[in-house]
Amino acid sequence: MNKYKTLHNPAYLKIDLMLNGIKADNETIQRLGLDLRYGYTGVTGGLDILLPHNTWVNASFLEEFAKSSKYELVLRDKKTFIKAGDESVKVDIMPKPEFYKLSTATGIPLSKIGAMHGGYVAITPDTRCEFFNMNIECRYCAGNFNSGGSGRVYTVEEVLETVDAANKEGKAEIVYLSIGFSETPDGGIEFLKPYIKAIKKHFNTLVAVEALPPKENHFIDETYAVGADSVLYNMEIFDERLFKEICPGRDRLIGRERYIDALKYAAKVFPNGTVATHLIVGLEPAESTIKGIDFFTGIRVVPILPIYRPSVGANLLNYKVPSLDDVLPVYRDLYHAVKKNKININWVRDISVITTPIEARFFAKTKFNKTLMERFYKTKLGVKTAWGLSTLRRKLRVREGGEG
Amino acid sequence: MNVVIDKRPIWVILLSRSLRPLFFVVVAIIFWYLVSIPTPDGLGLEGQRTIALFVVCLILWVSGVLPLAITSLLAIVMVPLLGVLDKKAAYALFGNEAVFFILGAFILSGAVMHSGLAGRTAVVIMSRFGETPKRLIASIFFLAAVLSFFMSEHAVAAMFFPIVLEIAKGLNLKPGKSVYAKSLFLALAWGCIIGGVATFLGGARVPLAVGMLKEATGINIGFFEYTAAAFPTVLIMLLIGYFMLTKFLPSDVEDIHKIKAVFERKIKELGKIGYAEYAVGVLMAVTIFLWLFLGRTIGIANIAIASVVVLFVFKLVRWKDIEEYVNWGIILMYGGAITLGAAMEKSGAAAWIANTVISEWARSPLIIIAILSLLTILLTEGMSNAAVIAILLPVGIGIAGKFNLDPRIITYTIAIPAGLAFCFPMSTPANAIAVSSGYVTARDMAKAGVLMMISAWVLFNITVFIYWPLIGIKI
Amino acid sequence: MSCVLLILSTSRTSQNAIEYAVDLAKKGKAKLVVLYIIETELTNEVFDKFTDIGFIGDKPSTQLTEAIMKEYRQRGYEEMGKVQIRAMEENVDFDAVTTQGDFVEKAIEVIDRYKVTTAVAIKRKRSAFLKYFSKSVVDELVEKAPCKVEVFEE
């Protein structure tokens with residue numbers, strides 16, 4: 001069990017916690033002051049824990065499977081530890097943000113609009129995904145897109161109120177905007193444009209956009225020009241056959257090739273290390289994910305590797321949770337691949353629900369020391385610098401008007 | 001939203017973006033150097049500062065880094081700031097008669113365009129005379145020239161372009177290949193260029209030159225006087241142009257019968273001639289008559305502005321139309337150029353340059369005219385006609401003073417060749433339009449243009465030598 | 001199925017290139033895509049000239065630019081029509097794209113989109129003087145394109 005000394009390696013620990021959750025008894029929950037009314041269940045609803053080496057993890061603790069986890073959350077002298085067997089490691093619990101308790105002027109709880117994940121506030125202004133209406137939704141998806149706001153589209157003002165509240169708490173280093181599939185050629189960017197513009201106008205924050213690959217590349221240019229600092233077109237599955245099977249909508253209406261082309265093009269437009277795609281670990285053989293990692297890093301796209309945890313409602317309930325042994329080669333390859341292709345790994349970081357390349361270095365038998373740049377980007381000045389550099393780059397690269 | 005992402009390496013973008021600020025820094029250093037070096041003998045401090053400003057404006061006008069009008073505004077601001085003229089005098093120069101004449105002429109030209117009169121005249125005459133390939137070329141060429149006697153040559157080029165394009169398409173001519181199409185578009189460009197130097201109306205550069213002369217020396221040149229001096233050059237250049245168009249670019253089209261239908265459709269589209277067209281036509285005729293024969297007594301600017309008032313009295317145009325048809329920015333250019341010219345003269349800078357720099361090569365008045373006209377015709381190929389005048393005329397007037405030449409001669413020597421830019425698309429809008437059609441390539445234009453340019457220079461100097469003494473211009 | 005791309009533009013058309021591209025597509029049983037790029041540099045230059053040094057206002061300048069653009073577009077349709085007819089005669093699968101903007105960038109975009117195997121481009125004859133001082137866009141395309149580019153000198 002302790003083959004990998006998981007407790008003392010933050011990345012091993014993160015993955016194990018993501019796979020298996022953590023035990024926490026009622027007394028601990030009470031003593032930690034967790035208010036269970038504010039979404040602690042679901043795909044991204046677990047407990048945000050800050051592990052050593054500044055590694056964020058979102059660990060389930062209310063779900064059934066968490067009760068059999070080998071990890072346990074314990075409190076000693078007002079300090080929090082994760083205990084496994086006789087050993088323990090000190091961690092910090094990130095309390096749910098205060099703004100979760102607030103509502104917009106229109107009466108919508110901000111916790112419904114924005115979700116904090118590490119240093120990100122994630123917002124999905126329109127929670128509908130047309131794949132569901134056509135019965136070609138991604139098979140692992142539990143319909144969280146459809147359930148989030150019962151079809152309600154949040155207005156720009158409501159989203160701004162949410163970002164403002166998060167910002168006041170100092171928790172909106174990056175605003176992560178996402179959108180489900182709609183049958184438009186722009187991949188959703190036309191819908192997101194007013195949100196991006198408004199956020200950029202009012203806050204000095206970085207904006208990441210998760211959309212669908214648009215039919216034409218000029219929409220990618222516009223995504224960058226309008227203010228997105230990072231873009232994600234999530235292919236989810238690299239294997240061609242499994243992509244067809246698991247993501248029928250993406251396959252039929254967008255196509256695997258278009259994902260690749262759009263990402264390739266976006267990598268030429270956006271800064272190094274800011275174009276990313278999710279490859280879900282465990283839904284395809286490890287070799288296939290590794291192929292995907294090698295391919296995407298080769299075209300300067302950052303592979304982000306979430307681990308699939310089955311949720312009620314998803315079609316893949318018979319899915320077997322992979323073991324640490326299964327996923328380890330994948331993460332090891334991730335770090336080497338990004339390093340080999342000189343991809344900047346300072347952008348995609350501090351996300352609790354996925355494993356980032358920066359964390360993958362803990363699998364790669366290198367020292368745990370943070371690089372100077374990494375340390376710098378953690379500081380307040382570093383965050384401001386990242387924003388400033390990103391804005392300057394956009395000013396230099398974007399020429400408005402062009403040809404009529 | 002229409003955006004282009006510059007995907008070059010960031011250092012290349014940074015370098016290309018920093019070239020512009022760097023350019024201004026260099027210009028500022030040149031200015032600072034010129035004002036801080038010890039004042040040369042025979043030149044006052046004001047003269048030295050004016051020369052520094054003149055060099056800055058020259059660099060900016062030639063490079064085109066700033067719009068011409070903005071460089072002129074810089075000149076207006078700097079003249080009083082450098083203590084060359086006081087504020088009141090500097091800004092008063094902007095209210096010069098020439099500026100108001102240009103303003104009035106632009107508005108009248110806009111009214112002619114807006115009324116549709118010019119377009120109708122063009123279509124009707126072409127349909128009547130353009131029955132053979134040669135005659136069609138002749139009608140486009142001479143018509144563009146004659147219209148440019150009476151209204152802005154650029155307006156004529158813009159108005160003719162769609163018509164000539166339809167002719168080329170109607171004849172099924174191949175862009176870039178058909179020789180006849182090349183002559184059609186060159187006829188349009190050359191007609192406008194040559195016709196544009198005939199009177200004060202073709203291009204605002206002539207009134208600009210006349211205004212600069214008046215502010216610097218108090219000498220005036222009348223509408224008729226100028227036309228009399230320029231006309232032989234125009235007339236003979238038109239003949240040379242026609243010869244080149246028909247002999248050097250022999251028609252590869254025999255039958256242009258199909259074009260008749262194009263003209264008929266155009267005439268049908270225009271409908272009956274309306275009240276506004278008649279009235280604008282009559283008003284233009286009366287205005288030109290007054291400019292020619294009563295310009296000296298009433299004042300050409302007064303006539304122009306009075307005609308503009310009449311336009312509005314009879315509701316022939318609305319202000320909104322005029323706003324859209326006049327390039328207001330360029331009027332600022334003229335005001336600034338006149339102010340700078342006056343400052344050059346009054347500070348003694350022009351005379352100093354003439355004495356020290358030019359006296360080396362200036363042996364006789366004819367050599368001066370030959371060299372100045374050559375310099376003008378070469379410069380105007382690469383930059384705006386008006387900017388050439390703004391740069392060369394102040395120095396030219398200085399030269400006239402040194403060699404006891406009539407400054408009017410120098411004004412003609414610069415104002416007439418300044419309009420004759422035949423070689424490149426960037427030389428003048430008429431050329432740019434011709435090349436943009438795709439029927440004439442830049443290479444075609446340069447080849448034929450060089451011949452026209454040489455002819456123009458030789459012809460101009462022959463006119464100076466033989467014809468000018470006949471009309472009382474003594475060299 | 002392989003794909004042949006024929007790149008035409010306002011100033012780059014050639015009957016020989018059209019014939020060659022159709023033939024190439026037919027022999028290789030490939031799809032023929034025609035890209036027509038409307039060059040806007042000249043229209044922009046005309047407009048700039050009028051607004052900077054011209055004696056006429058905004059409206060005639062805009063009308064003029066629009067007239068030029070309309071003409072360019074029409075020429076594009078005519079050229080593509082020609083290729084389409086040839087493709088139909090030879091039973092070659094055909095597709096057409098019209099766009100405006102940077103020559104190299106737009107060409108590469110279409111090459112990527114259609115997974116083009118061979119591109120056919122037309123190079124204008126240039127004087128030795130110009131060749132010495134500036135690289136032609138077609139040369140740039142040959143360097144940057146992810147596929148084979150065959151060049152026709154006009």
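## Two packed helices in chain B

Let's start inside chain B: the crossing of helix 8 of chain B and helix 9 of chain B is right-handed. Keep in mind as you look around that this is a predicted model. The contact draws on B:Glu153, B:Val156, B:Ala157, B:Phe160, B:Val164, B:Ile167 and B:Ala168 from helix 8 of chain B. From helix 9 of chain B come B:Ala181, B:Leu184, B:Phe185, B:Leu188, B:Ala189, B:Cys192, B:Ile193, B:Gly195 and B:Gly196. Sorted by class, the residues of this helix-to-helix contact are 13 nonpolar, 2 polar and 1 charged.

Two packed helices are described by the angle between their axes and the distance between the axes. Here, helix 8 of chain B covers residues 153–170 and helix 9 of chain B covers residues 179–196. They pack at an angle of about 165 degrees, and their axes are 10 Å apart. Because angles over 145 degrees count as roughly antiparallel, helix 8 of chain B is roughly antiparallel to helix 9 of chain B.

## A first look at chain A

Now move over to chain A, where you can find 16 helices and 13 strands. Chain A has 404 residues, and 46% of them count as buried. Take the contacts in chain A between residues at least 6 apart in sequence: 73% of these join residues at least 24 apart.

## An open sheet in chain A

Chain A has an open sheet of 5 strands, in the order 2-1-5-4-3, with antiparallel pairing. Which strands sit at the edges, pairing on one side only? They are strand 2 (55–59) and strand 3 (72–76) of chain A. On average, and with direction ignored, neighbouring strands of this sheet are turned by 45 degrees against each other. Helix 1 of chain A (residues 10–20) packs on the sheet, where it touches strand 1 (47–51) and strand 2 of chain A. The direction of helix 1 makes about 15 degrees with that of strand 2 of chain A.

Strands of a sheet pair through backbone hydrogen bonds, either parallel or antiparallel. Strand 3 and strand 4 of chain A run antiparallel and are joined by 5 bridges. One pair to find is A:Leu75 with its bridge partner A:Thr80 in strand 4 of chain A. These two strands form a hairpin with 2 residues between them, and A:Asp77 in the turn has a positive phi of about 45 degrees.

Next come strand 4 (residues 79–84) and strand 5 (residues 87–93) of chain A, which run antiparallel with 5 bridges joining them. Here A:Ala84 stands opposite A:Glu87 of strand 5 of chain A. Strand 4 and strand 5 of chain A also form a hairpin with 2 residues between them; in its turn, A:Gly85 has a positive phi of about 65 degrees.

## Where the chains meet

How many residues does each chain bring to the contact? Chain A brings 14 residues and chain B brings 11 residues. On the chain A side, at least two residues each come from helix 8 (218–226), helix 11 (256–269), helix 16 (380–397) and strand 13 (398–400). Helix 8 of chain A gives the most to this side, with 4 residues. By class, the chain A side has 5 nonpolar, 2 polar and 7 charged residues.

Strands also link the two chains: 3 bridges join strand 13 of chain A to strand 1 (residues 3–5) of chain B, and these strands run antiparallel. To spot this in the structure, look for A:Val398 and its bridge partner B:Ile5 in strand 1 of chain B.

Technical notes:
Residues are numbered from 1 along each chain as its sequence is written. Chains are lettered from A and ligands numbered from 1 in the order in which they are written. This is a predicted model: local features need pLDDT of at least 70, side-chain atom pairs count only at pLDDT 80 or more; totals for chains, interfaces and linings use all residues. Two residues are in contact if their C-beta atoms, placed from the backbone, lie within 7 Å. Ala, Val, Leu, Ile, Met, Phe, Trp, Tyr, Cys and Pro count as nonpolar, Asp, Glu, Lys and Arg as charged, and the others, Gly among them, as polar. Two strands pair if DSSP finds at least two bridges between them. Axes are lines fitted to C-alpha atoms, for helices over the stretch in contact, and angles run from 0 to 180 degrees between N-to-C directions. Angles under 35 degrees count as roughly parallel, over 145 as roughly antiparallel, 65 to 115 as roughly perpendicular and the rest as oblique. A crossing is left-handed if the near helix is turned anticlockwise from the far one by less than a right angle, and right-handed if clockwise. A residue is buried if 20 or more other C-beta atoms lie within 10 Å of its own, exposed if 12 or fewer, and partly exposed in between; C-beta atoms are placed from the backbone.
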